[in-house]
Amino acid sequence: MSGASTPARPLVLRTIGLTKQFGGLVAVRDVDFEIPEGAIVSLIGPNGAGKTTMFNVIAGLSDPTSGLVEFLGQRMIARPERSWLEPVVWVVPAVVVWALSYAAWLAGLPLVLGQLLVLVGLGVLIATLITAVVRPPWYGLLLVRFGIFKSARPNEMVLAGIGRTFQNIRLFANMTALENVLVGMHGQLRANGLDAALRTARHNREEVQGRSEARRWLAYVGLRGREDELARNLPYGDQRRLEIARALASRPRLLLLDEPTAGMNPSETSTMTALFGKIRSELNLTILLIEHDMRVVMGVSDRVTVLDHGEKIAEGSPDEVRRDPRVIEAYLGKGSVA
Amino acid sequence: MIGKASPPAANPLRRTLRAIRDLASRLPQRHQSLTVIVGMAFVTAILPLVVLAPPLNGFGRQNDWLDGFANAGVFVLLAMGLNVVVGLAGLLDLGYAAFFAIGAYTYAYGASPFSGLDVPFWPMLLVGAAVAMVFGLLLGAPTLRLRGDYLAIVTLGFGEIVPVVFLNADTYTRGTNGISGVYQPVLPIVGNFGFGNPMPYYLTMAAIIAVAMILLYRLQDSRLGRAWMAIREDELAAASMGINTVTTKLLAFAIGASTSGLGGVFYASKLSVVSPDQFGFVISFTVLAMVVLGGMGNIWGVAVGAFVIYELQSQGLKQLNSFFGGLGLPPFHLGPLTVDLTSINFLEYQFLLYGLALVGMMLLRPEGLFPSRRRRAELRDEADAGAANEELVQA
């Protein structure tokens, strides 16, 4: 059984006591959940079970009410318990510099020097304020390092290695397929505005390499030849593929797929399922799948987790889950268990 | 629907325009800057000659025209800058004139008897752009978490606050009187800047626009430009692709503001006086209307749109006055109304005409006069989808 070998593999993602409340409604309640490396894990459950809420918390789109998410062994998402510490981090150095300057003035140093120090203090304060607002990735990491916790933002989760697709396709409709994938590569590229304005070597190199890589991603999901079509003009199935290509382009370690085969016919579904297997084996990716189509779930998953009313009611291999009376009850209602 | 399926072949002008546009879009990117330079040089060379030909020579002397063109150039710069904020990043900024004012006052502080400084024009251009950029960042940092209407309201407020501050801080700004006697630029080659000699201003403006245009095109076709467009399309999806939305929007704001700052420096140096009443909401609104009418998201479209609209409002309306004045039509009656065309001052109806133009535009050509391909696809497809739905409903 595949379940026996999983503990040996390192975990890509782990949630501990994850709870998300919307007012009085508990969408996700105290869920412990693990994704071993290289696995395809499915998250299933009836409508309104909290699957997408889980997804959004994991992807950094909403903060949990309590509990935390670890990704590759590092705490990424948590209720920001000690977030009040964050301003302290940037107020303290500014106050120190200001105090130093005041002390220097009292000590009889020339006024110019004291004023200079005050200016430096002001500069430090402004710079730290801007940093806190802009929040470059290193700053987020600093917060994590010191345990001053604010949950990672969606873009930071992407940089950490989580790529995702959306339940209702959210492509950049008026950009071409190629541009969509290039946006997916945003975190891979480094050229900034100055590079672009001056057309530096870095910009030129990245544009050329990025475009050819984006073409490769499109070809990988089967969209060769559609590079220059606007995303809005692609047929539905291709839009789903483009979303996957865009997510793959960020070179994730973990791919979150939210109902990737919704609204597809059986043949499209089976090509899509084949794509998941290909992605896993060729790209060495871990996949978390939300899916309603049981054939897909049972066919492709290594592990299945079942949510109902926000609680985890079963977990295990597809076969185990299929036989679990609580799962049958959740799907078919009380009294259905023969 | 049928007309749309097959492109109209009859109109040769439209066909030529389309051919030119196709050619321009097929030019490799590394030739784009060259295209801008050649295009701007051509336009700059041809405009002073065009106004010598009838009927334009009847409307004013060449110098008057060039003076107007230089002023129009300020609005071209403003429109191109606002286009980054509104057209590319999709952030509605209703207080754009504030950055224009900041650029203008920066030059006034840097080169006028009021401050006693006399910094040359070129460095001041950069300083003005930089100062406007800093204010763009300062305004953007706290406000860019807001979306849509809320951002529009905050920027509207900022646009009102800045002139009021310049008005009331009279120790530092001389209040209503403004700062006068701002030095005019001194530059080699282009000639002697002065009120009677607009040619140097005209040439300088053309150069500034060309440079700004090249830089903006380069930014648009880059990682940053794609990030702006992604945010405009779907901010949440953009964040889920690793884009730091706060920084990226902030940059759009800053770059828009700095372009506006360039315009402000030039404006102050040309007019030689800055006062708070030059930078009211009217400017913000006019520039926004230029962006919308010109074709949001398309850099050269917005530039041409701004130029045409500025000329129409400054020259066109004036000529309408003198045209009807010269016609000497007797007043005629429309029911209870008496219309006397000779006594109407069309310049006073500028904003009524703007309103009409915008309404007409939204009905007939919502993508603007010179739209980007993207935007046309977006708006036209939606219209078609709407029409298709209606047909379904009727069927």
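Reply: Start with E259(A), which sits in the loop between β7 (254-258) and α11 (266-283) of chain A. Bear in mind that this is a predicted model.

Me: Why is E259(A) called buried?

Reply: Its relative accessible area is 9%. Buried means under 20%. So E259(A) is buried.

Me: What is the phi of E259(A)?

Reply: Phi is positive there, about 45°. E259(A) is not a glycine.

Me: Which loop holds S272(B), and is S272(B) buried or exposed?

Reply: S272(B) is in the loop between α13 and β4 (273-274) of chain B. Its phi is also positive, about 70°, and S272(B) is not a glycine. Relative accessibility is 11%. The limit for buried is under 20%, so S272(B) counts as buried.

Me: How do you know that R170(A) and D234(B) form a salt bridge?

Reply: The closest N and O atoms are 2.8 Å apart. The cut-off is 4 Å, between a side-chain nitrogen of Lys or Arg and a carboxyl oxygen of Asp or Glu. The pair therefore qualifies as a salt bridge.

Me: Where are the two ends of that bridge?

Reply: The pair crosses between chains. R170(A) is in the loop between β6 and α7 (177-184) of chain A. D234(B) is in the loop between α11 and α12 (235-239) of chain B.

Me: Why is R170(A) called partly exposed, and what is D234(B) called?

Reply: R170(A) has a relative accessible area of 27%. Partly exposed runs between the 20% limit for buried and the 50% limit for exposed, so R170(A) falls in that class. D234(B) is at 11%, which is under 20%, so D234(B) counts as buried.

Me: What makes E243(A) and R246(A) a salt bridge?

Reply: Their closest N and O atoms are 3.6 Å apart. That is within 4 Å, so the pair qualifies. Both residues are in helix α10 (residues 236-248) of chain A. They are 3 residues apart, which means a separation of about one helical turn. E243(A) and R246(A) are both buried.

Me: Why does the bridge between R303(A) and E315(A) tie parts together?

Reply: The N to O distance is 3.4 Å, within the 4 Å cut-off. R303(A) lies in strand β9 (residues 303-308) and E315(A) in strand β10 (residues 311-316), both of chain A. The two are 12 residues apart in sequence, so the bridge ties those parts together. R303(A) is at 15%, under 20%, and is therefore buried. E315(A) is at 30%, between the limits of 20% and 50%, so E315(A) is partly exposed.

Me: Which residues do salt bridges join into one network?

Reply: E207(A), R211(A) and R226(B), through salt bridges that share partners. Over all chains the structure has 19 salt bridges.

Me: Why is G87(B) called buried?

Reply: Relative accessibility is 1%, and buried means under 20%, so the label holds. G87(B) lies in helix α5 (residues 62-88) of chain B. G87(B) and V292(B) are 205 residues apart in sequence, yet 8.6 Å apart in space, C-alpha to C-alpha.

Me: How many cavities of 30 Å³ or more are there, and what lines the largest cavity?

Reply: There is 1. The volume of the largest cavity is about 50 Å³. Its lining includes A59(A), P154(A), R164(A) and S240(B). By class, the lining has 5 nonpolar, 2 polar and 1 charged residues.

Me: What is the volume of the second largest pocket, and which element gives the most to its lining?

Reply: About 1500 Å³. Among its 49 lining residues, G193(A), M133(B), L224(B), L251(B) and I255(B) are closest to the centre. α7(B) gives the most, with 10 residues. The lining counts 36 nonpolar, 11 polar and 2 charged residues.

Technical notes: Residues numbered from 1 in each chain as written. Chains lettered and ligands numbered in written order. Predicted model: local features only at pLDDT ≥ 70, side-chain atom pairs only at ≥ 80, totals over all residues. Heavy atoms only, no water. 1 Å grid on protein atoms, 1.4 Å probe; cavity = no way out; pocket = protein on both sides within 12 Å on 5 of 7 lines; lining within 4 Å. Points joined across faces, edges and corners; volume = space filled by probe spheres on them. Helix = DSSP H or I, 4+ residues; strand = E, 2+ residues; numbered from the N terminus. Nonpolar A, V, L, I, M, F, W, Y, C, P; charged D, E, K, R; others polar. Buried < 20%, exposed > 50% of the residue type's maximum accessible area, 1.4 Å probe, protein only.
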